[in-house]
Structure formats: C-alpha cells, structure tokens
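Please look at the sequence and the model before reading on.

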Amino acid sequence: MATSKLRTALRALVPIAMAAVFATGCDSDSDSTKKSASAPNAGDRISLVAFSTPREAYEELIPMFNKTKDGKDVQFDQSYGSSGEQSRAVEGGLPTDFVHLALQPDVQRLVDAKLVSDDWTTVGGHDGMLTNSTVAIVVRKGNPKHIKTWDDLLDDDVEVVTPNPFTSGGARWNLMAAYGAWTRAGDSHDEALDKMEQLLKNTPVQSKSAREALQVFGTGKGDAMLAYEQEAIQAEAEGGDFEHIVPDSTILIENPMATLDGTKAKEAVDAWVKFLYSDEAQQTFAKHGYRPVVDGAADAAGVAFPEPKDLFTIDDLGGWDAVMDDFFDRDKGYVADIEKKLGVSTDG
C-alpha cells in the first residue's frame, strides 16, 4: 500500500478536485485536445504530446521550467491521450516537438517514420526513459472482495477494469505484468494465456486509455482496476474511495521520451529535456507517484515506494519486439486472438 507519508505529500501537491479527475466530455484525454500554458511575451513554443497519465505532473513542471533562465517565456501546447493513439497522431502529422509515451514501441513507430532519430535512447543518460512505475491493482476502500493476488482477479464474481491493449500502452503493461507474474510463479505459457483470457472475460468494458479506465472505475463500475502505480496514488490523494496493492510479483514500467527531428524550437526543447532529468524535476515526478529514473530523487522528495519481491522487466519476457509480435500483433498475436474470441475490437 502507499505509505501515509506519500499520501500526505500528494494531497498537498495535487489539489485537483476528485470530480475533475472523473469528469468526461470536452477535456477527455482521449480527445487529444490541446491547451496552452502560455506566458506573456512568449518566445519559443514547445508542442508536448504525452500519454494520458502525466498531465498533472506537467501542470506543475511547466511553470517550474518557466522560472528557469532557459525556460523563461517558453510556451507549451499540450496534448494527452492513449499512448498508441498519440503515437499514431504524431506519425500522421500532429505538430510535435517532444513526446512522453507509455512504452518503447510507440516511440519506435516514430523512429520508423523518420520523425525521431534512431539514437533517441542516448539522450538524457537513462536509455531514453523519463519515468518509471509498476502495475498495481486498485480495489474499493476496505477491499470488500479480498483481492490480493493476480489469481484473485479470475474469480467469477470479480469485475475488472483495464483499458484496451490495442489503444492503450498502459493496458499492454497490465497484461504483461499478469502474464509474467503467472509464468514466473510456475504456470506454463498456455496456462498463463488461459488465465489472461479469464481476466479479459472479467473485463466487460475496455476504455481507450488508462485515464479513461480510471474515470470508469471512479463512477463505481468494477471491483478491481489494473493501473499505473502513480495513477492509483494520485487518485487516492485526490479523495478516491479506493486503495491500491502492489503485487509481490509485478513488472517495472518504463516510460520513454524523445524529441522530434526538425523541431524549430531545438534550443528550448534541449533545455526542457535537461530540466526534466534534473533533481528538482525528478523529485516532482516522485511526488506525483512516479518512480524517478534519477537515483536518490525519491528519497530527496520524501517519497517511499514499496519494493515488490519480484520486480521484473519487459526484457525478462523477451523484450518489446518479441512481445509486440507474439502478443499484440493484430492478425496473429495471442492477445488479439483472445480479444476477437471475446468480441472486443483490436483496431487502434
């Protein structure tokens, strides 16, 4: 569970009303709508495109950057949505200078489209990763269904909320966390796939993004939700009537960032990236529930994260190239087969 110290820090730093978190309509993440964080007499403008969950962190980070010498008068256009949709939008021509996405394949799509340099992982000194997290299980306050493990999600009377893995990067992390935990505990590949099918059978609605899934859960639908750890922490701090569990075996989520080739604001974007890896910025990410990539930032921010007994990575499951081909290929992937069997769309 998140520590009380962490919850206290987040309540102070994230004063957004719970109603705003669960609101739907024109400000929905899936709309990929842009909003401006403009400053008077603005100079350079950075177009920031990100997956749905770091919106609140950037609402604090952008003003911090604007107070620095290099960030003074820099304006931002922001777009948030499901990671896959955001990546495809950039590929399709959405004006972009900087991306922060849910998983490496969504950046690789931009590399393949010749929009991002193939050496993007060398920027920042952390293999191109800007934030880390884990997959957590969110339950109702008091945990009335007594859900503690991945297998508990398979009970017939448990309704699960998780996004569609063919639009949401978070959903892919969720499913690979479950699959990895099952196989590392001794289940065969086929047994783990059978369990994944049951898990998805227990998921009657699959939203487009992690944030939309949280909105659904916030309306009272579902007994458990699979989510980014930081999404759960922030929602709890904003007054959500639920709590979260970091399973003993779960996956380390690594969220990449990249700058777009040909940006007209290169100097400002380079300064922005440098700022995001600063101790101050990484501590801010920690206060918003992200596990920083910079050593010591969480401790300096006074944030303590639980340490799972078995924290594995996507490389332990073969790496994203193999996982995308084996599990998420729309024509022949294991998950695609399951979703089609359940009548769920694999378009994205």
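## Basis and overall make-up

The model is predicted: local features need pLDDT of at least 70 and side-chain atom pairs count only at pLDDT 80 or more, while totals for chains, interfaces and linings use all residues. Residues are numbered from 1 along each chain as its sequence is written, and side-chain values use heavy atoms, with hydrogens and water left out.

The protein has 14 helices and 11 strands; these are DSSP runs numbered from the N terminus, with helices being H or I of at least four residues and strands E of at least two. Of its 348 residues, 56% are buried. Buried here is under 20% relative accessible area, exposed is over 50%, and partly exposed is in between, with a 1.4 Å probe and protein chains only. Among contacts (heavy atoms within 4.5 Å) between residues at least 6 apart in sequence, 76% join residues at least 24 apart.

## Helices α3 and α10

Helix α3 (residues 55–66) packs on helix α10 (residues 266–276) at an angle of about 115°, and the axes are 11 Å apart. Axes are lines fitted to C-alpha atoms, for helices over the stretch in contact, and angles run from 0 to 180 degrees between N-to-C directions. The crossing of α3 and α10 is right-handed, a term for the near helix being turned clockwise from the far one by less than a right angle, with anticlockwise being left-handed.

From α3, the residues in the contact are Y58, L61, I62, M64 and F65; from α10 they are A268, A271, W272, F275 and L276. By class, the contact has 10 nonpolar residues, no polar and no charged. Ala, Val, Leu, Ile, Met, Phe, Trp, Tyr, Cys and Pro count as nonpolar, Asp, Glu, Lys and Arg as charged, and the others, Gly among them, as polar.

## Nonpolar cores

A nonpolar core is a set of buried Ala, Val, Leu, Ile, Met, Phe, Trp, Tyr and Cys residues joined through side-chain atoms within 4.5 Å. The largest one has 72 residues, of which Y58, L61, F98, W150, I251 and W272 touch the most other members. Helix α6 (residues 169–184) gives the largest share of this core, eight residues.

Beyond residues up to four places away in sequence, Y58 touches L48, A50, P63, Q78, Y80, F98, H100, L130, W272, L276 and F285.

## Aromatic rings

There are 16 aromatic pairs in the structure. Rings of Phe, Tyr and Trp (its six-membered ring) pair if their centres lie within 6.5 Å; planes under 30 degrees apart are stacked, over 60 edge-to-face and the rest tilted. Y58 and F285 form an edge-to-face pair, with 6.1 Å between centres and 85° between the planes. Y58 is in helix α3 and F285 in helix α11 (residues 279–287), so this pair ties together parts 227 residues apart in sequence. Both Y58 and F285 are buried.

Ring pairs also link Y58, F65, F76, F98, W272, F275, F285 and Y290 into a cluster.

## Helix α8

Helix α8 (residues 210–218) is largely enclosed by the rest of the structure, because seven of its nine residues are buried. The buried residues are A210, R211, E212, A213, L214, Q215 and F217. G220 follows α8 and has a positive phi, near 105°.

## The loop between β5 and β6

N143 is in the loop between β5 (129–140) and β6 (160–161). Its phi is near 50°, a positive value in a residue other than glycine. N143 is buried, at 10% relative accessibility, and is in contact with E243 and I245, leaving aside neighbours within four places in sequence.

H146 is found in the loop between β5 and β6. H146 is not glycine and has a positive phi, near 55°; at 60% relative accessibility H146 counts as exposed.

D151 lies in the loop between β5 and β6, partly exposed at 37% relative accessible area. Leaving aside neighbours within four places in sequence, D151 is in contact with W182 and K195. D151 and A178 are 27 residues apart in sequence, and their C-alpha atoms are 9.0 Å apart.
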